Amino acid sequence: MESSNELLWYALSVVAFPALIAWLAAMPALVGPLRTRRAAVEMSVAFALALAFIVSFVRELEVGALTRQFPWSPLDSSAPIERWHRLALIALALCVLAPVLAGSRELATRGMDRLLSAKFIVIASLCVGLLVEFPESSALWQWMQALLCAVSAYYYSRLGGAALWVSAIVFASLAALTLLAGCASFAVMCAATSLAAFGMAIIAAIGAWRNPRAVAIVSGGAFALVAGILTASVAMAGRAYDMMSMPVWVWPAVACLPVGGFVFDRLARRAPHRAAATFWRTLGVFLLAIVLFVAVMVLQAADSKEGEGEADPMDGIYGVSSETIHATFS
Amino acid sequence: MQLTTCIPVLALTAAIAFAPKNFVGVELRDPPASSATIKLDAVHSAAMFRIQHLGAGFFWGRFNALDGTVTWPLDDSAAPIFDITAKVANVDTGSEKLDGNLQGPNFFNEKEFPEIRFRSTAATRTTERAWHLVGDLTLRGVTKSVEAECIVAGIGKGPMGKKVGFECTLTIKRSDFGMSWGIEKPPKMLGDEVRLIIAIEGDEVKAAAE
């Protein structure tokens, strides 16, 4: 009984608490007086999403795992910097970039704000692709990482009011996949980010219902930057640390899940009101995620059956192949 | 110098001078000329580890196919010098899924730290063919000094020549090596203390000239 309480407390600490912090950070712009200001909504939602990831990272590991990565931080030799800790650094950079981009877009002339977003996304994608190196990343994978960041951000930017619901589905999918891949900490952080997005989507819906002058959730600009880059980065980290040999295409595919928002594009465009369009876009992503999971499960099951048939009865007895055993005793 | 000061100093000097050879920790920099190099036989060398699971049972796993050498005079006139490497990819718990989890970033992080290495640096004889070793254990990129009890299991004959077996036992705290997942977060999933039994067998490859 005591043990299950402790486990619940842990789940609250690493998943619910970061999500709560994100909700509180976004609250003034979602249900408060700032809901009528486009830049405030864009900035708050984007900032809160990245914040949830960082808080979860710090709760799961320690603050030192983040601060040690700064060049001016005195290194603690007893705990090495692991490459996947860069994910928190990316989230921190996105926390800083989100208000800068939202503010710049607000000040830019109409039309220029899109160009500004594109510039930010391309530069940030190139930085993440070329500077953040996970294990077993060839040059091709580094470029793929940059490309996926940009593609994911582009599709998030076109989701409109469905962006928060979609990001909740995408991060939940990432949580499930990384857990299957043997990366429990990634799963925890993605779950926290997913819960943050889900909660913010509900709060945003309440805010829109309460305030007739409320602006819609802005999916472009800062939100697309944060959600796109975080999604692609976690997916690429999942590929790099996958210890369960999942099909390699799964990771780029999960980063591209926001594309599912356009499966029912015609229905979404013809929707009589904003909520209906949001429903169709969210449904498309949800169905695509289901298809992805079914494919992964089928392939995993097929792989394990194939492996069973090929096994040599001597294999694994001494932990080496039967050929080695026969060679040793001959 | 007063007599009261002289007596303890003289006593200490005498104790060191007349102490039996090898009963104090000896640094293992220069193996004796009579030492043989024993190359580990991967099939018969493994490191078993034991950890408490959910505060209940002790769970055992092993690293198969150890690699490395032991330098030791077969007459036991000096301490064995161990330099052993285990590949994280060779972890074997009997469950493929669990092996994957252990190789993942929460535990051994095989992608970044593919090897675990133990090198003995000092030794004290405890009894005949038994040694208390001090050595450096490198795990997840962290090197810490550890202590191990080691026995010479036996010297036998194989088709290729002499075979020598050793068994070393040590206990470490995995949190000292930055492997803290499951100790407090999530709480009490796995213990911090890990007991290791390194059971090795090797072939004598050369005997230095007397």
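Predicted model: local features only at pLDDT ≥ 70, side-chain atom pairs only at ≥ 80, totals over all residues.
**Chain B in outline**

Chain B contains two helices and twelve strands. Along the sequence these elements come in the order α-β-β-β-β-β-β-β-α-β-β-β-β-β. The chain has 210 residues, and 45% of them count as buried. Among contacts in chain B with a separation of 6 or more, 60% are between residues 24 or more positions apart.

B:Ala56 gives one example of two positions separated in sequence. This residue sits in the loop that joins strand 3 and strand 4 of chain B. B:Ala56 has a relative accessible area of 52%, above the cut-off of 50%, and so counts as exposed. B:Leu190 is 134 residues away from B:Ala56 in sequence, while the C-alpha to C-alpha distance between them is 9.3 Å.

**Aromatic pairs**

Over all chains, the count of aromatic pairs is 14. The pair B:Phe49 and B:Phe63 has ring centres 5.4 Å apart and planes at 45°, so this pair is tilted. It links distant parts of the chain, with B:Phe49 in strand 3 (residues 46–52) of chain B and B:Phe63 in strand 4 (residues 58–63) of chain B, 14 residues apart. B:Phe49 and B:Phe63 are both buried.

In the pair B:Trp72 and B:Phe166, the ring centres are 5.5 Å apart and the planes stand at 80°, so the pair is edge-to-face. Distant parts of the chain are linked here as well: B:Trp72 belongs to strand 5 (residues 67–72) of chain B and B:Phe166 to strand 11 (residues 161–173) of chain B, 94 residues apart. Both of these residues, B:Trp72 and B:Phe166, are buried.

Chain A holds an aromatic cluster made up of A:Phe57, A:Trp84, A:Phe186 and A:Tyr241.

**Arginines over rings in chain A**

| Arginine | Ring | Distance from the ring centre |
|---|---|---|
| A:Arg59 | A:Phe17 | 4.8 Å |
| A:Arg239 | A:Trp141 | 4.1 Å |

**Helix packing in chain A**

Helix 7 (residues 163–180) of chain A packs on helix 9 (residues 222–241) of chain A at an angle of about 10°, and their axes are 10 Å apart. Helix 7 and helix 9 of chain A are therefore roughly parallel to each other. The crossing of helix 7 of chain A past helix 9 of chain A is left-handed. On the side of helix 7 of chain A, the residues in contact include A:Leu164, A:Val170, A:Phe171 and A:Leu174. On the side of helix 9 of chain A they include A:Phe223, A:Ala227, A:Leu230 and A:Val234.

Helix 6 (residues 139–157) of chain A also packs on helix 9 of chain A, at an angle of about 140° and with the axes 7 Å apart. Helix 6 of chain A passes helix 9 of chain A in a right-handed crossing.

Note on methods: Residues numbered from 1 in each chain as written. Chains lettered and ligands numbered in written order. Heavy atoms only, no water. Phe/Tyr/Trp six-rings, centres within 6.5 Å; stacked < 30°, edge-to-face > 60°. Helix = DSSP H or I, 4+ residues; strand = E, 2+ residues; numbered from the N terminus. Buried < 20%, exposed > 50% of the residue type's maximum accessible area, 1.4 Å probe, protein only. Lys NZ or Arg CZ within 6 Å of the ring centre and 35° of its normal. Axes fitted to C-alpha atoms, helices over the stretch in contact; angles between N-to-C directions. Parallel < 35°, antiparallel > 145°, perpendicular 65-115°, else oblique. Left-handed = near helix turned anticlockwise from the far one by under 90°. Contact = heavy atoms within 4.5 Å.
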